[in-house]
Amino acid sequence: AFRGVVVDRPLLTIDHGEGIVTTFEPLDSTLAPGARVDAGDEIGEVTAGGHAGRDALHLGVRRHGVYIDPMAFFGRAPRAILLPCCP
């Protein structure tokens, strides 16, 4: 649905249909909006951008425009706990 840079982060947004949209960042991709993606297809390469280094990928999922927990798509997972980042 979208490939580009937002603020300082390259990202890719995929519309899965039925109101489900995923966004991956920072991700370099050659996919063009409207390109077909099948399960298992490579969509890009994690890169650096924003506050994320090359070892971090941010994943957002929306259902009908409302953000939902992306872990629901990966099976059961322990609840995330955010810790302080700085002393």
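The model is predicted: local features need pLDDT of at least 70, side-chain atom pairs count only at pLDDT 80 or more, and totals for chains, interfaces and linings use all residues. Residues are numbered from 1 along each chain as its sequence is written, and side-chain values use heavy atoms, with hydrogens and water left out.

**Fold**
- The chain has seven strands and zero helices. Strands are DSSP runs of E, at least two residues; helices are runs of H or I, at least four.
- From the N terminus, the order of elements is β-β-β-β-β-β-β.
- The C-alpha trace spans about 45 × 30 × 25 Å along its principal axes.
- Of contacts (heavy atoms within 4.5 Å) between residues at least 6 apart in sequence, 39% join residues at least 24 apart.

**Surface and charge**
- Of the 87 residues, 25% are buried, meaning under 20% relative accessible area with a 1.4 Å probe, protein chains only.
- Accessible surface comes to about 6700 Å² (Shrake-Rupley, 1.4 Å probe), and carbon and sulfur atoms hold 56% of that surface.
- The chain carries 8 positive and 11 negative charges, with mean positions 7 Å apart. Lys and Arg count as positive, Asp and Glu as negative.

**Glu25**
- Glu25 lies in strand β3 (residues 20-25).
- Glu25 is buried, because its relative accessible area is 16%.
- The side chains of Glu25 and Arg9 form a polar contact of 2.4 Å. Such a contact is a pair of N or O atoms within 3.5 Å, one able to donate a hydrogen and the other to accept it within protein; residues adjacent in sequence count only if both atoms are side-chain atoms.
- Beyond neighbours within four places in sequence, Glu25 contacts Arg9, Pro10, Leu11, Ala56, Leu57 and His58.

How values were computed
Buried means under 20% relative accessible area, exposed over 50%, partly exposed in between (1.4 Å probe, protein chains only). The place of a charge is taken as NZ of Lys, CZ of Arg, CG of Asp or CD of Glu.
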